[in-house]
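Have the sequence and the structure open as you read.

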Amino acid sequence: MARVKRGVTTHARHKKVLDQSKGFVGRSSTNYRIALERLEKSLQYAYRDRRNKKREFRALWIQRINAAVREQGMTYSQFIFGLKQANIELDRKVLAAIAFDDAVSFAGIVSQVKAVLEAAPAAAAA
């Protein structure tokens, strides 16, 4: 049997890691062993932060909605409860965009929610 030399596959694997670690600081972008460790860690961070990004944006949307709703004289929790009662199916991302970009439209949504909340206690008492 012929002798198998593995230089080609090893070189290809090293090249792939070094290409992916381009832009890292110091020897993390030039030395294979260090680059491999940094690359593995960076991929862990990327995996974690793809999930954290969803949390952070949801929190940002809630803050924007809360700020806009408080200007209209309601709390965030009352507003969300009222949305459910009024069967307005807008998610937080869209609500935050409306609140941020178009205050007049958002005020209209809030007035609809207020109308439903004011009518709800009267219906429950009757």
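## A buried pair of serines

First, a definition: a polar contact is a pair of N or O atoms within 3.5 Å; within protein, one of them must be able to donate a hydrogen and the other to accept it, and residues adjacent in sequence count only if both atoms are side-chain atoms. With that in hand, look at serine 28, whose side chain reaches the backbone oxygen of valine 25 at 3.3 Å. A word on what you're looking at: this is a predicted model, where local features need pLDDT of at least 70, side-chain atom pairs count only at pLDDT 80 or more, and totals for chains, interfaces and linings use all residues. Residues are numbered from 1 along each chain as its sequence is written, and side-chain values use heavy atoms, with hydrogens and water left out.

Serine 28 sits in the loop between helix 1 and helix 2 (helices, H or I with at least four residues, and strands, E with at least two, are DSSP runs numbered from the N terminus). Is serine 28 buried or exposed? At 11% relative accessibility, serine 28 counts as buried; the cut-offs are under 20% relative accessible area for buried, over 50% for exposed and partly exposed in between, using a 1.4 Å probe and protein chains only. Leaving aside neighbours within four places in sequence, serine 28 is in contact with Ser21, Ile34, Ala35 and Arg38, where contact means heavy atoms within 4.5 Å.

Serine 21 is found in the loop between helix 1 and helix 2, and serine 21 is buried at a relative accessible area of 0%. Not counting residues up to four places away in sequence, serine 21 touches Ser28, Ser29 and Ala35.

## The nonpolar core

Here a nonpolar core means a set of buried Ala, Val, Leu, Ile, Met, Phe, Trp, Tyr and Cys residues joined through side-chain atoms within 4.5 Å. The largest one has 16 residues, and those with the most contacts inside it are Ile65, Phe79, Leu83, Leu95 and Phe106. Helix 2 (32-71), helix 3 (76-85), helix 4 (92-101) and helix 5 (103-125) each supply at least two residues of this core. As a rule, nonpolar side chains in soluble globular proteins tend to be buried together.

Which residues does leucine 95 touch, not counting residues up to four places away in sequence? The list for leucine 95 is Ile65, Phe79, Leu83, Leu90, Phe106 and Ile109.

## Rings that pair up

Rings of Phe, Tyr and Trp (its six-membered ring) pair if their centres lie within 6.5 Å; planes under 30 degrees apart count as stacked, over 60 as edge-to-face and the rest as tilted. By that rule there are two aromatic pairs. In one of them, the rings of phenylalanine 57 and tryptophan 61 have centres 6.1 Å apart and planes at 40 degrees, so the pair is tilted. Phenylalanine 57 and tryptophan 61 are four residues apart in helix 2, so about one helical turn separates them. Phenylalanine 57 is partly exposed at 40% relative accessible area, and tryptophan 61 is partly exposed at 21%.

Phenylalanine 79 and phenylalanine 106 form a tilted pair too, at 5.5 Å centre to centre with 50 degrees between the planes. This pair links distant parts of the chain: phenylalanine 79 is in helix 3 and phenylalanine 106 in helix 5, 27 residues apart. Phenylalanine 79 is buried at 0% relative accessible area, and phenylalanine 106 is buried at 2%.

## Charges

A salt bridge here is a side-chain nitrogen of Lys or Arg within 4 Å of a carboxyl oxygen of Asp or Glu, and the count comes to two. Lysine 15 and aspartate 19 meet in one, at 3.6 Å from N to O. Both residues lie in helix 1 (residues 7-20), four residues apart, about one turn of the helix. Lysine 15 is partly exposed at 46% relative accessible area, and aspartate 19 is partly exposed at 42%.

Arginine 48 forms a salt bridge with aspartate 49, with the closest N and O atoms 2.9 Å apart. Arginine 48 counts as partly exposed at 42% relative accessibility, as does aspartate 49 at 33%.
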